[in-house]
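Me: Can you go through this one with me? I'd like to start with the charged pairs and then look at the packing.

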Amino acid sequence: SSGINAEWPLRPGVVVGRMQEGQYTQTIYNYIKQGQYVEAIDCLLPEYENNNTSRAALSLLGYCYYQIGDFVSAADCYGQLIQIFPEHEQYKIYYAQSLQKSCQYEAAMKASFTVDNPTFKEKVVKLQAAIKYDEDDLPGAKSMVEQCSSDDPDTENNLGCLLVKEKRYAEACKKFNAAMNVKGYQPHLSYNIALCHYYMKQYALALKNIADIIEKRKKYRLRLCVDTTA
């Protein structure tokens, strides 16, 4: 199903310390670049076992676990990072986001309140809206979404997701198209549009959008996100 847009764009992380060993590091980044996250994890685990406080190993492991959908392991990595490197606020967001993805909503909400940097305020509000949405607290989600900037195309997407929940599919479709007009092609927006057409029994239009996703995924090697993404 479609879902509120809250996903902070996770980064693979900065390689520091022992991992600056030329070919080893290059091999890991090549695996990540090619989307071979399981192979990257297999390379990273010995490094982590050798040094379980390695920022490089933990951040790369967290990123790779997240990409393969092992959100519990991703949350474990980011939880360790925020204990070891509390000054890096982005890890708190990644941690909360991983908890949300693993359906640990109460823990995710609690973690989101630990982010103090005002730079991340809107990201945190989006994440809190997504948590409320996943819990089917639609009034709470709507209240959070309405705190976000009306100029942010994610706000249009998120309002569209709420309209889908209310079965107001034509209005939702307009919101998703408005977001697409600002952000350009995004697979999750195309999916949301397809979903609206499907619910309205406009099957040809639904199939067209799904075909576009498949074609563009082949071209750009995109990861298909059908719920919370940014």
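Me: What does Lys175 form with Glu156?
Reply: Lys175 and Glu156 form a salt bridge, and their closest N and O atoms are 3.7 Å apart. A salt bridge here is a side-chain nitrogen of Lys or Arg within 4 Å of a carboxyl oxygen of Asp or Glu. This is a predicted model, where local features need pLDDT of at least 70, side-chain atom pairs count only at pLDDT 80 or more, and totals for chains, interfaces and linings use all residues. Residues are numbered from 1 along each chain as its sequence is written, and side-chain values use heavy atoms, with hydrogens and water left out.

Me: Where do Lys175 and Glu156 lie?
Reply: Lys175 is in helix H10 (residues 169-183) and Glu156 is in helix H9, so the pair ties together parts 19 residues apart in sequence. Helices are DSSP runs (H or I, at least four residues), numbered from the N terminus.

Me: Is Lys175 buried, exposed or partly exposed?
Reply: Lys175 is partly exposed, at a relative accessible area of 25%. Buried means under 20%, exposed over 50%, and partly exposed in between (1.4 Å probe, protein chains only).

Me: Which residues are joined into one network?
Reply: Lys126, Asp152, Asp154 and Lys183, through salt bridges that share partners.

Me: And how many salt bridges does the count come to?
Reply: The count is 10. One of them pairs Lys165 with Asp136, at 3.0 Å from N to O. Lys165 belongs to helix H9 (residues 153-165), while Asp136 sits in the loop between helix H7 (121-134) and helix H8 (138-145), so this pair links parts 29 residues apart in sequence. Lys165 is partly exposed at 37% relative accessibility, whereas Asp136 is exposed at 54%.

Me: What about Asp137, which residue does it form a salt bridge with?
Reply: With Lys132, the closest N and O atoms being 3.7 Å apart. Asp137 is partly exposed at 27%, and Lys132 is partly exposed at 22%.

Me: Changing topic. How many residues has the largest nonpolar core?
Reply: It has 22 residues, and Ile32, Cys64 and Tyr78 have the most contacts inside it. A nonpolar core is a set of buried Ala, Val, Leu, Ile, Met, Phe, Trp, Tyr and Cys residues joined through side-chain atoms within 4.5 Å.

Me: Which helices supply at least two residues each?
Reply: H1 (23-33), H2 (37-50), H3 (55-67), H4 (71-84) and H5 (89-101). H3 gives the most, with seven residues.

Me: What lies apart from that core?
Reply: Another core, of 21 residues, including Tyr133, Val145, Leu163 and Leu189.
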